[in-house]
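Please look over the structure shown here.

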Amino acid sequence: MLAVERLVVKYDELTALRGVSLTVESGALVAMIGSNGAGKTTLLNAVSGLIPTREGTISWEGSLITGLTPDAVCRLGIVQAPEGRKLFAKMTVEENLQMGAYSPGPRARVAESMKRVLELFPRLAERRRQTAESLSGGEQQMLALGRALMATPGLLMLDEPSLGLAPIMAAQIFEIIGDLNRAGTTILLVSQEVLQTLSIARDGYLLENGEITLAGPSERLLADQRVKKSYLGL
Amino acid sequence: MASVCPTKTAKKVVGIALLSAILLVFPWLGPPVYFISFLYTVFMFVCMASAWNLIGGYAGYLSFGHAAFFGTGAYAAAMLTKAVGPGTASNLLCSIPSGLVAAVIALVVGYPCLKLRGPYFAVITLCFAFVVQLSVQNLGVLGGPDGLWIKGMDLPVETGRSILYESMLLLMAITILVVERIEHSKFGAGLRAIKQDEEVAQTMAVNAPRLKMGAFALSAFFPGVAGGLHASYLTYIHPTIVFDVNMSILIVLMALFGGGASWLGPVVGAVLLSFINELLSTFVKAELARIIYGSLFIVVIIFMPNGIMEFIRKRKQTGSPH
C-alpha cells in the first residue's frame, strides 16, 4: 500500500503541493484528476524520488521511502510511466522493454515478462526491431506501458497515458489499463480525461492548486457539481 | 540464413586470429623501427579512444580531458619506477598501478563533475586537464617545468621498442575486450539509457551516479596504463607533452569519427585517423596536410554525424532487401 501524508513540495519559492495526503490500497486502481498545473505530475515525481520533498512522508508497504533515490524507489517496485512517454528514442522496441526490467528482480523474469507484454501488445511484437522513435503515438504509448510492466511493478503510476492520442486509441489504452488492474496490478492513474479515468477507477482524488479538494469513490466524484462543471463541461 | 551465420563468425574469428598473429610477430621480423613506433602509437590511440568511449560514447558524457589521465599514468609510472628501481619488468608492471592512480583521480574528479551535463561536463573536463598540467608543471617533486627522466629498460633500442610494442598491443586487446563485454552487459545497457534520458533511466532502477563513476574510472584506467607504458617509451616526460590538450581532443575525434555507438567505432576511427595523419604528413606538405585533415572532419561530421560505422551499418540496412 502507498500512503502519502501531508506532502509539501516546493520549486524554489513556488509551492506545488500543499499538504497532500492519499492512499493507494494494494490491488486498487486509484485515479488522480485535476487541471494543468494542479500538481499531478509533481506528486508522481515526488513519489518516484525525482524531486525532493519539503514536508510530509511517503511510505510504501509500511516503510518510509521519502528521500530515496529514483533507482532505489524503482527497485522497491514503484514504477512510473512518465508523461509524454519518455522512451529511449534511439533504442529498439525490444531494448526499451529490456530496460524496463533493469533491476535484479524483474531481470530474472525478463523472458517471461517479455512474452506477457508482447502478448498484451501484439503491435509491439511486430515492431520489436524498430527504434522507438519510428513508432506511431499510440504504439509509443503501448511501449511506455509495456516497459513499465516489464518491471513487474507493485505499484504502477501512469501519467497522462492518453496524452496526444486519437480518441479511439485513448479508449483502447484505458481499456488495457482496466484489464491490467483486474489482472492484479495496483495502479495510480493520473489524467485529465476525467470521464474515462473515473469510469475505470474505483476511487479518485481531485487535485486543485496543490491540494486535494475532493476524494472518494469514483461515482461520487462524477456526481459532484464542481467536477461536472469544471472538468466535464456539464 | 542460419547456415550463413556460423561461417560468418568463423571467418571473423579466423580473421582476428590471423591479424593478431601478424601484429604479434611483426616487430621480430626486423622491420625498420619507424614501423614499430608507428603501430605502437596506433595501438595507444585505439586503446584510449576505446576506453574513452565507455563514458563518451555509451553514456554520452564527452570528456575533453582524457590526456589528464594519460599524463597522470605517465607521471605515476615515472615515480613508481624510481621508487622500485628501473628494469624491463618493473617498468612494464609499474604501468598497472599507474592506471589505478588515474582511475582514482577520475573517481575524485568525477564525483562533482559527473553531476554536470552536456557542454558543461565537456568544458569542466577540459579545464580539469589544464589544472592538472599546470599543477604538475609547478610541483618540484614531479620535476616541475624541467620534466622527468625515466631510467630506460637497458635494452637495445629495437628490442626495447618491440617489447613496448607487444605490451601496448596486449593493453589494446584487453581494452577492446573489456569495452566489448561491457557494451553487451547490463552495465552497458544502463550507460546507453543514461545517454538517452538520464531521469527516465533512473526511474528504470538505473543507479546513474554509480554507473557514470564506474564508466569514468574505467575509461581513465586504460589511458593511465597506456601513459605508464609511454613514459618508458619516451624516457623523458614533460607536462606539455603528456598532458597535451591536443591529445584529449584527438581521442574524442577518433571515437566520434568511427562512431561511439559500438566498440568497433573507436577502433576504426583511431586506426583510420592515425593512418591518414601519417600518410598526409609523409607525402603532403605540412600546411596542406592540416587543411586536408581538417576538411576531412568537416565532411565526416556533415555526412556521417554518427560516425563511419553507423553510416556503413545504415547503408547496409537500406541496401539489403530486408
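Predicted model: local features only at pLDDT ≥ 70, side-chain atom pairs only at ≥ 80, totals over all residues.

Residues are numbered from 1 along each chain as its sequence is written, while chains are lettered from A and ligands numbered from 1 in the order in which they are written.

**The sheet**

Chain A holds an open sheet of four strands. The order is β2-β1-β4-β5, and the pairing is antiparallel. Strands are DSSP runs of E with at least two residues, helices are runs of H or I with at least four, and both are numbered from the N terminus. Two strands pair if DSSP finds at least two bridges between them. The edges belong to β2 (14–24) and β5 (63–64) of chain A. Each has a single partner strand, so one side of each lacks a neighbour in the sheet. Strand β1 (residues 2–11) of chain A runs antiparallel to β2(A), and eight bridges join them. Leu7(A) has Val20(A) in β2(A) as its bridge partner.

Neither residue below is a glycine.

| Residue | Phi |
|---|---|
| Thr152(A) | positive, about 40 degrees |
| Glu160(A) | positive, near 50 degrees |

Thr152(A) sits in the loop between α7 (137–150) and β7 (155–159) of chain A. Glu160(A) lies in the loop between β7 and α8 (167–182) of chain A.

Are these residues buried or exposed? A residue is buried if 20 or more other C-beta atoms lie within 10 Å of its own, exposed if 12 or fewer, and partly exposed in between, with C-beta atoms placed from the backbone. Thr152(A) is buried because 21 other C-beta atoms lie within 10 Å. Glu160(A) also counts as buried, with 21 C-beta neighbours inside 10 Å.
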